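Let's take a friendly walk through one model. Have the picture open as you read.

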Amino acid sequence: MSADAEQRLAEAIERMPLVDHHAHGLLPDPTEADLLDALTQAEHAASVADVFDSGQGFALRRHCAPLLGLPSFASPAAYLAARRTLGADEVARRLLRASGIAAYLVDDGHRPDLLMADERMARLADARVHRVARLETIAERVLAESSSGGEFVARLGPALEAAAAEAVAFKTVAAHRCGLGLDPARPTAVEVRSAADVWSASERAGAGDAGPAASARPRLTDPTIIRHLIWWALERGAVLQVHAGFGDADLVLEASNPARMQALVAATAGTGGRIAFLHCSPFVREAGWLAHVFPHVFVDVGLAVGFLGANADSVVREAFDLAPFSRVLFSSDAWGVPERVLLGARLWRDAAARVLGGYVADHGWPVDEATRIAEGVAWRNAERLYGRRFVEA
Ligand SMILES: [Zn+2]
């Protein structure tokens, strides 16, 4: 197989529109500290060197610097200075548009108070923005408005239906709250009511899980209520995004292994709902196996791709291990700053071209077939999963 075929594949991947099926909003005017914090999963960046002397940092200097008018691998100081000169909107416009992302599915569950409105992001990106509703956030809002467990249960259904009318999918952060090792059974109404009574009483006593200081905003950690939300979403035939694998220190990494959820995945196979495991690293192979044996399971390696930089090939390759290719999805999982959007897209395109190019060069795959598989991950699989046209014809 010729280098020419690999070149044709790389060019086709370069031109493909992307559907970012899991991202977050952007900070409207990030300070330098905000930028550095948004480029790490630690609560705060320990130092400029920690952020820039990393796979992501080298990728940022290589790929983002030229879009800000600097040479590739400009110094961190030069990059930060160029960012200040151009201003947040111009930086966002340049990086978002260079990503080639045509549509974003935005989960506003993480610090939505800090992030810009969807319309502003859509305008800067010249792309469509759709909404993913986070189940725990809806339940927490309903609990804050309810004076008892009974009132919470009565209000929850209508609140979920109202969210469903606006959103293209739901998301759960069970991994952060109680771990993915959930009892597979659908909780009974009595079980949900009794869990709601306990949660409501504990929040009202100011002894919520997050502590008295945070009592103004309830925090859902109860596995019965979380299971109830998961079953509700899947039984209505929705797509449920499930955080799996690494993220910030708010989760227990071992408890975020998607294999922990095997029993619940099996129990919900006949519901008509679909499960999309997000991020997955370092459990990409476990998620791929779940997708292999359960037809309602999808996998995504967003977040890891951007952070891994020059090593991003490893997770893109693992995503092609056992999962049927039609159930592998692209996302950036960018939060806060447009650098993460650009890097998610740029590094995925490069990694996909190298990994699939290797299949062409070393395993004789027809280049058109490799292109078709890349196009599925880039946007077609997402359109099929969510049942929507995201990309202009
Ligand atoms: Zn996310």
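## A helix checked by length

Helix 18 covers residues 367-386, which is 20 residues, and at 1.5 Å a residue it should span 28 Å; its end C-alpha atoms are 28 Å apart, so the two agree. (The expected span is 1.5 Å times one less than the number of residues; helices are DSSP runs of H or I with at least four residues, strands are runs of E with at least two, and both are numbered from the N terminus.)

This is a predicted model, where local features need pLDDT of at least 70 and side-chain atom pairs count only at pLDDT 80 or more, while totals for chains, interfaces and linings use all residues. Residues are numbered from 1 along each chain as its sequence is written.

## Bend and ending

At Gly 376, helix 18 bends by about 60° (the angle between axes fitted to the seven residues ending there and the seven starting there). Gly 376 is also among the buried residues of this helix, along with Val 377 and Trp 379 (buried means 20 or more other C-beta atoms within 10 Å of its own, exposed 12 or fewer, partly exposed in between, with C-beta atoms placed from the backbone). Just past helix 18, Gly 387 has a positive phi of about 65°.

Strand 3, residues 128-134, pairs with strand 4 over 3 bridges. Arg 134 has Lys 171 of strand 4 as its bridge partner.

How values were computed. Two strands pair if DSSP finds at least two bridges between them.
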